[in-house]
Amino acid sequence: MKQLKKMGLLLCASLVVSAMPVNALAQEDTAETSDASASLIQSTLTTENSVTQSSVNQSETSESSSSQEKTVASTTETIASSETSTTDTIASSSSIETNATETSSTIFSESTEAVSSESTATETTTTSEPQAETQSSASQVAALTASLTQEVMAASDVFPYLRQRSDLESNPITGKTTETKARAAAPGVKADDVVAIQAQAATSRMTNIYPDSNSNTPTMDFVDISSHNGNISVAQYKTLKKYGVKAVVVKLTEFTTYRNPYAKSQINNAKAAGLVVHAYHYSWFTSTAKAKAEAQYFAKYADELNLGSDAIMFNDIEDQYLYDTNTNHNANSLAFVNELKRLGYKNGQHYIGRWWVNAGKLSPSQLGYQNCWIAEYPVPTVKEQRNTSYGAWQWTSQVYFPGISFPFDMSSDYAKKVTQPYGPQGKYISLKKYFTITKKNQKIYSSFNWKVKSNSNDHLNKVYYAKGKYKHINGITYLSLYDNKNQWVGYIPSSAGTLTDSAGGKWSSYKKYVKLTGTKDLYNTSFTDAIRNKASKFKNQKLLVTGQYHHFNGKTYYSVYDIDGKVWLGYIEKVGVKLVGDQGPYRKYGHYVTITGKNNTIWSSFSWKKKIATSSVLGKTYKAKGLYRHLNGSTYYSLYDHNGTWIGYINANGGYQTTSPGGKWSSFKQNIKVTGTKNIYGKDFTKTIKHKASQYKGKTVKVTGKYQHYNGKTYYSLYDPITNKWLGYIEKAGTKKAKDQGAYIKFGRNFKITSKNYNIWSSFNWVKRYSSRGLYKKTYYAKGQYKHINGSTYYSLYDNHGKWVGYINARAGKLV
């Protein structure tokens with residue numbers, strides 16, 4: 001700026017004239033601006049003439065009094081000061097129009113100070129006539145300063161590139177109210193390069209661009225917008241699309257306190273119009289910790305707006321105050337995008353200004369040229385693509401589309417990352433469901449370049465939030481998973497588990513007996529909201545768990561029923577119960593069990609320690625004082641003998657359960673002779689006498705079955721061999737085994753043999769005497785009969801001469 005001060009006013013006036021087309025565009029009235037320019041030039045020349053005339057007067061009036069010389073000298077000094085101040089003001093105006101490195105408010109302040117000093121100098125003069133001349137010069141300078149300041153502010157209003165895009169009321173770095181300063185896009189031009197400034201101002205793209213009439217431009221690939229654009233309708237977005245715009249980058253957040261209130265509608269309408277949508281965050285971070293905090297703030301809003309994890313998340317690093325800080329902007333910016341990646345937004349990039357790069361504040365080689373969206377404008381009016389080594393180039397802020405009153409920033413997409421919406425994975429589809437990983441050995445990817453992030457074995461049965469999905473061209477649907485801390489887990493095939501609407505995830509079978517500690521309530525199907533049963537109601541009670549949920553919140557919930565599994569009580573946190581044995585609680589029983597399983601085991605404990613084999617006690621009856629309904633699905637009886645001795649635990653399928661102490665009836669066919677020592681009892685076996693022992697003493701009766709009674713005795717079930725009438729139960733000890741054919745019974749009937757397929761026996765040891773074939777159709781006399789234990793009746797046959805023929809089954813013929 002010092003070199004600019006040394007230049008003459010004519011050069012400054014020339015600068016103003018050369019810059020006027022820019023300001024004329026800002027005012028949008030060429031005629032008025034030309035008049036203003038002429039007035040400004042005239043004002044400048046008038047000031048110069050005043051200085052020249054003052055010098056002439058001083059040389060011609062050498063005899064003037066010393067007071068007059070002092071007055072002239074004072075006036076000359078004042079005017080020289082005015083020249084310097086005017087030069088500074090004009091140079092400052094040009095700098096803002098081209099380099100945008102100083103604010104209009106700063107210019108105004110400097111100009112005011114210059115005027116103030118002029119006024120002070122004027123007040124010190126004592127001669128009235130030169131004082132009036134000096135005051136006139138000061139007024140001209142003040143008018144020039146005000147005119148330039150007004151033009152700078154007008155240009156700042158019309159051309160948004162002159163101002164930063166901060167939406168904060170106070171500066172997070174200084175704590176002061178934010179001021180208007182140059183945007184990162186403004187080109188860095190050295191202050192002493194006045195010729196370059198003039199050329200830049202004369203040829204710069206400080207013009208409004210209308211796509212219908214301006215075809216000589218770089219490509220119009222995508223726009224970026226903020227709250228300053230307000231609501232943009234679907235129809236307006238479609239207008240942009242008509243002119244080749246493929247994508248839009250929406251400002252979401254700034255620092256950790258600001259959210260764009262229009263972002264939701266701006267995003268949704270853009271998507272509805274078929275545009276690809278990305279986002280940017282206006283950054284203020286001065287450390288890696290602050291960078292992470294701002295990234296988290298940014299990502300949180302992106303989550304709420306369902307932006308999608310494939311969107312590019314730009315770090316907009318441009319603020320002048322941030323530029324002035326002594327910090328490692330590269331490290332901070334990398335920390336920002338790495339934190340976004342950790343949160344699931346893998347496409348972190350940077351919006352940077354050319355002047356940041358030129359000053360060495362940011363290094364594209366460290367950030368990655370393809371990850372940098374470079375801003376540099378105004379540029380010459382030629383159809384030229386600059387900055388092609390970067391991912392994208394923002395080249396103007398002044399594109400007007402038909403039917404839309406405000407301009408748009410415009411950029412060219414070189415890397416095609418912004419405008420190319422999808423890879424082979426296809427479009428991101430919002431899902432918002434919960435996913436329980438149930439399959440082993442499934443790869444979880446960090447990208448669709450198939451870089452493996454982890455394996456499903458590390459996440460088995462865990463529940464994650466599936467924010468979205470991709471239908472890949474390989475035919476597989478991939479889910480984008482997040483944990484309950486909003487940390488991105490990765491992409492996993494949807495076939496690796498089960499999707500649910502509930503945060504509880506997938507139900508899995510889990511049978512356990514538990515005792516409630518009374519520390520956790522039982523909830524309804526929401527798991528956490530509506531209490532179904534208070535903890536105190538079932539404290540210390542044993543209940544049945546039939547299944548479990550590994551909830552998205554990281555807790556495991558049991559589905560609890562009453563002890564019999566009939567009444568559902570609710571869901572309870574795992575920490576609110578204690579596991580008891582899998583056999584469950586002891587239940588009183590009191591029935592009788594007869595051992596029927598030949599290959600079962602009687603256990604001494606539910607650790608499955610063998611006590612005895614059932615083969616050694618087969619048929620015996622025990623009392624099952626209690627039972628256990630084991631979680632393996634079996635019921636186990638706790639058995640005792642009639643002396644009260646514990647036998648062990650037996651699976652219910654190894655015995656026959658009955659309410660009778662007699663136990664289970666078993667088939668046992670035998671003819672017995674009653675000895676007369678034991679009475680014959682009724683169905684209670686031991687109490688009700690049905691027949692006195694003496695009544696059947698010495699008689700042969702038929703036994704069809706037996707019982708091995710709980711009291712340790714065996715009882716026969718007796719039937720009359722002739723009438724087949726049930727006689728009752730008798731202790732085995734009160735009988736003697738009789739012959740199997742039973743007692744001889746007189747008969748006295750004729751019997752005709754009608755079958756050829758029977759044998760005629762000589763004894764009941766089954767020694768054959770004849771065949772019925774040889775005696776077919778012959779009639780014999782059946783003197784007596786036998787009711788054999790095998791269930792058949794046998795006749796003892798004689799011929800008509802009284803000769804014994806043998807024993808024949810009654811089914812071999814008929815009585816005649």
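Here are some numbered notes on a predicted model, going from its sheets and helices to a few single residues.

1. Ground rules. Residues are counted from 1 along each chain as its sequence is written, and side-chain values use heavy atoms, with hydrogens and water left out. Since the model is predicted, local features need pLDDT of at least 70 and side-chain atom pairs count only at pLDDT 80 or more, while totals for chains, interfaces and linings use all residues.

2. Reading the labels. Helices (H or I, at least four residues) and strands (E, at least two) are DSSP runs, numbered from the N terminus. Two strands pair if DSSP finds at least two bridges between them. As background, strands of a sheet pair through backbone hydrogen bonds, either parallel or antiparallel.

3. A sheet to trace by eye. Follow the order β40-β39-β43-β42-β41-β38-β44 and you have an open sheet of 7 strands with antiparallel pairing. At its edges sit β40 (768-771) and β44 (813-815), each pairing on one side only. From one strand to the next, the twist averages 40 degrees. Zoom in on β42 (residues 793-798) and β43 (residues 804-809): they pair in the antiparallel sense over 5 bridges. One spot to look for is S796, whose bridge partner in β43 is Y807.

4. Another open sheet. This one also has 7 strands, in the order β33-β32-β36-β35-β34-β31-β37, with antiparallel pairing. β33 (689-691) and β37 (735-737) are the edge strands; each has a single partner strand, so one side of each is left without a neighbour in the sheet. Inside the sheet, β34 (residues 700-708) and β35 (residues 714-719) pair in the antiparallel sense over 6 bridges. If you want a landmark there, G705 has S717 in β35 as its bridge partner.

5. How many residues of strand β21 (residues 556-561) are buried? The count is 5 of the 6, so β21 is largely enclosed by the rest of the structure. (Buried means under 20% relative accessible area, exposed over 50%, and partly exposed in between, using a 1.4 Å probe and protein chains only.) β21 pairs with β20 (residues 542-550) in the antiparallel sense over 6 bridges, and Q548 stands opposite Y558 in β21. With β22 (residues 568-573), β21 pairs in the antiparallel sense over 5 bridges, and here S559 has Y571 in β22 as its bridge partner.

6. The turns around β21. The hairpin of β20 and β21 has 5 residues between the strands, and G554 in the turn has a positive phi of about 95 degrees. In the hairpin of β21 and β22 there are 6 residues between the strands, and G565 takes a positive phi near 70 degrees.

7. Positive phi without glycine. Most residues other than glycine have a negative phi, and most peptide bonds are trans. F255, though not a glycine, has a positive phi near 50 degrees. You'll find F255 in the loop between β2 (247-254) and β3 (258-259), and it counts as partly exposed because its relative accessibility is 25%. K416 is also a residue other than glycine with a positive phi, near 60 degrees. K416 is in the loop between β9 (408-413) and β10 (429-437), and at a relative accessible area of 44% it is partly exposed.

8. Two helices packing. α10 (residues 288-304) and α12 (residues 329-342) pack at an angle of about 40 degrees, with their axes 8 Å apart. (Axes are lines fitted to C-alpha atoms, for helices over the stretch in contact, and angles run from 0 to 180 degrees between N-to-C directions.) That angle makes α10 oblique to α12: under 35 degrees counts as roughly parallel, over 145 as roughly antiparallel, 65 to 115 as roughly perpendicular, and the rest as oblique. Among the residues that meet are A291, A295 and F298 in α10, and A335, F336 and L340 in α12. Contact here means heavy atoms within 4.5 Å.

9. Buried or exposed? Take Q349 and K451. Q349 lies in strand β6 (residues 347-353) and counts as buried because its relative accessibility is 6%. Leaving out residues up to four places away in sequence, Q349 touches I312, M313, F314, N315, V337, Q370, N371 and K417. K451 is in the loop between β11 (443-445) and β12 (452-455), and at 59% relative accessibility it counts as exposed. With residues up to four places away in sequence left out, K451 touches I444, Y445 and S446.
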